[in-house]
Amino acid sequence: MKLAIIGANGQLGTDLQEVLSTKHDVVGLNHKDIEITDINSVNNILSSTKPNIVLNTAAYHIVPEAEKFPDKAFHINGTGVLNLARVCQDLDIGLVHYSTDYVFDGKKQQPYTEDDCPNPLSVYATTKLSGEYFALNYSDKSYVIRVSGIYGKVPCRAKGGNFITTMIKLAKEKPEVRVVNDEILTPTPTYEIAKNTAALIKSDAFGLYHMSCEGECSWYEFAKVIWETLQLRTPLYPASVKDFPLVVKRPFYSVLENQNLNKLGINQMPQWKDTLQEFLKNFNHEK
């Protein structure tokens, strides 16, 4: 197939391009190539590129800033996806759109399935949920994929890194590091998301999917594996979310269950700790 990846130089887009280009004709599109908030740009690029499927990783995901600039967040996370969905529908193109575990409020305290009702707590999460609805309801051939705690070999440009690079930086600069142990998630590498996306788009089973590693941990436990694997010497201590100023409301529990991938029989997501240790062994943390 011919695939177009929007945000191809980003954290997730880079791994999607690497994995999918082994079996498909992949066109990488970045912000200079396409402006998803401009439907004319979307229509012109997709009409000329003529992909079978568009994979959209573009997002406004600086969570605290979204509280200050809700219009900008909605413009990208909502209207931008609506534009993609409309054009994909008109041109008979499949659409893969990535969303977030933050659409849930965390009160369930058990892994969330695709059947659970979202209740976003922040501007960012609300705009991402709007994008889900636009993709699913305006494009008949759409996959919406929710992910959690993602990290990759190319750090997120908008955030200036990811959790792993942030922890390494703090370990170098601070006398000690404290990380919350009462916010629960599932760390997931972008490479595994890319591999499972490759399996999913072989099907015509359009709809909503959770795609995260198996198991769960706190941010402190996530950090502890980084410390142990990389043998960082700076003291690491558990803390509570109450110890830090709450800039944005976040779900304290946002673990995803890959129910719909399991139903299709294509869930290849590994345990979070195993894949994190493997990732860190090959990660250049000295740079």
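These legends describe close-up views of a predicted model.

**View 1. The largest nonpolar core, around Ile164 and Ile226.** This core holds 54 residues, and Ile164 and Ile226 have the most contacts inside it. Helix H8 (residues 219-230) supplies its largest share, 8 residues. Leaving aside residues up to four places away in sequence, Ile164 touches Tyr151, Phe222, Ile226, Leu276, Phe279, Leu280 and Phe283. Another core, of 27 residues, lies apart from it and includes Ile36, Val54, Ala73 and Val248.

**View 2. The buried face of helix H10 (residues 272-281).** Trp272, Thr275, Leu276, Phe279 and Leu280 are buried in this helix. Seen down the axis of H10, the buried residues fall within an arc of 135°, so they line one face of the helix. Among the elements covering them are helix H6 (163-173), helix H7 (190-200) and H8.

**View 3. The salt bridge between Asp92 and Lys141.** The closest N and O atoms are 3.3 Å apart. Asp92 lies in the loop between helix H4 (70-91) and strand E4 (94-100), and Lys141 in the loop between helix H5 (123-138) and strand E5 (142-147), so the pair ties together parts that are 49 residues apart in sequence. Asp92 is exposed, at 53% relative accessible area, whereas Lys141 is partly exposed, at 29%.

**View 4. The salt bridge between Arg146 and Glu132.** The N to O distance is 2.7 Å. Arg146 belongs to strand E5 and Glu132 to helix H5, 14 residues apart. Arg146 is buried, with a relative accessible area of 2%, and Glu132 is buried at 1%.

**View 5. The salt bridge between Glu192 and Lys195.** Both residues lie in helix H7, 3 residues apart, about one turn of the helix. Glu192 is buried, at 10% relative accessibility, while Lys195 is partly exposed, at 33%.

Notes
Residues numbered from 1 in each chain as written. Predicted model: local features only at pLDDT ≥ 70, side-chain atom pairs only at ≥ 80, totals over all residues. Heavy atoms only, no water. Core = buried A, V, L, I, M, F, W, Y, C linked by side-chain atoms within 4.5 Å. Buried < 20%, exposed > 50% of the residue type's maximum accessible area, 1.4 Å probe, protein only. Helix = DSSP H or I, 4+ residues; strand = E, 2+ residues; numbered from the N terminus. Contact = heavy atoms within 4.5 Å. Arc of directions from axis to C-beta. Salt bridge = Lys/Arg side-chain N within 4 Å of Asp/Glu carboxyl O.
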